[in-house]
Amino acid sequence: MPSSTQRSVPDADDAHYMRLALREAQRARRENEVPVGAVIVRNGRLLARAHNRPIHLHDPTAHAEILALRRVARKLGNYRLNECTLYVTIEPCVMCAGAIVHARLKRVVFGAADRKGGGAGSVLSVLGHPSLNRRLDVRSGVLEKDCAELLAGFFRAKRSQH
Ligand SMILES: [Zn+2]
């Protein structure tokens with residue numbers, strides 16, 4: 001089942017939603033937050049968009065994914081988001097990967113890997129861990145260059161300021 005579900009989502013749709021997530025990441029950059037953006041979609045309907053905001057919200061958990069998950073859960077009146085797909089520009093960190101497992105998402109699509117903190121295989125394999133995820137499809141590498149470059153450019157600019 002997982003592989004047929006995955007194939008039923010056209011690449012063009014994944015790229016389209018990743019572009020929306022990228023737009024959110026650009027918002028984060030404008031606010032001087034680490035540029036990561038996320039959107040959540042269910043049955044072709046956009047349910048939430050969010051970007052990183054830990055600095056502005058004084059909240060270490062205010063990652064794009066967590067904010068998007070909270071918005072959708074509130075909107076649906078349900079803490080389980082079974083039919084939802086999360087698009088995020090950078091591989092979810094370990095905290096967000098844990099939240100994704102709790103939310104029972106159907107699918108996660110991310111752009112670029114995070115070699116320093118990724119929870120979908122780069123550092124730890126929270127997403128895709130056989131005892132945690134029953135039916136979660138994970139796809140990576142959608143608009144990978146754009147997602148990675150936005151993040152790298154942000155840190156380059158930061159370094160040159162000091
Ligand atoms: Zn995170």
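**Salt bridges and the zinc site**

Author: At 2% relative accessibility, glutamate 24 counts as buried. Buried means under 20% relative accessible area, exposed over 50%, and partly exposed in between (1.4 Å probe, protein chains only). This is a predicted model, where local features need pLDDT of at least 70, side-chain atom pairs count only at pLDDT 80 or more, and totals for chains, interfaces and linings use all residues. Residues are numbered from 1 along each chain as its sequence is written, and side-chain values use heavy atoms, with hydrogens and water left out.

Reader: Which residue forms a salt bridge with glutamate 24?

Author: Arginine 27 does, with the closest N and O atoms 3.5 Å apart. A salt bridge is a side-chain nitrogen of Lys or Arg within 4 Å of a carboxyl oxygen of Asp or Glu.

Reader: Where do arginine 27 and glutamate 24 sit?

Author: Both are in helix 2, three residues apart, so about one helical turn separates them. Helices (H or I, at least four residues) and strands (E, at least two) are DSSP runs, numbered from the N terminus. Arginine 27 is partly exposed, at 39%.

Reader: How many salt bridges does the structure hold?

Author: Seven. One of them joins the side chains of aspartate 11 and arginine 139, at 3.2 Å, N to O. That pair links distant parts of the chain: aspartate 11 is in helix 2 (residues 11-30), arginine 139 is in strand 5, and they are 128 residues apart.

Reader: Is aspartate 11 buried or exposed?

Author: Exposed, with a relative accessible area of 52%. Arginine 139 is partly exposed, at 23%.

Reader: New topic. What are the protein donors of the zinc ion?

Author: His63 (ND1), Cys93 (SG) and Cys96 (SG), lying 2.0 to 2.4 Å from the zinc ion. Donors are N, O and S atoms within 2.8 Å of the metal (3.2 Å for Na, K and Ca); water is not among the atoms, so sites may look incomplete.

Reader: How are the donor residues spaced in sequence?

Author: The pattern is H-x29-C-x2-C. Histidine 63 lies in the loop between helix 3 (54-57) and helix 4 (64-76). Cysteine 93 lies in the loop between strand 3 (84-90) and helix 5 (94-103). So the pair ties together parts that are 30 residues apart in sequence.

Reader: And is cysteine 93 buried or exposed?

Author: Buried, at 19%. Histidine 63 counts as partly exposed, at 22%.
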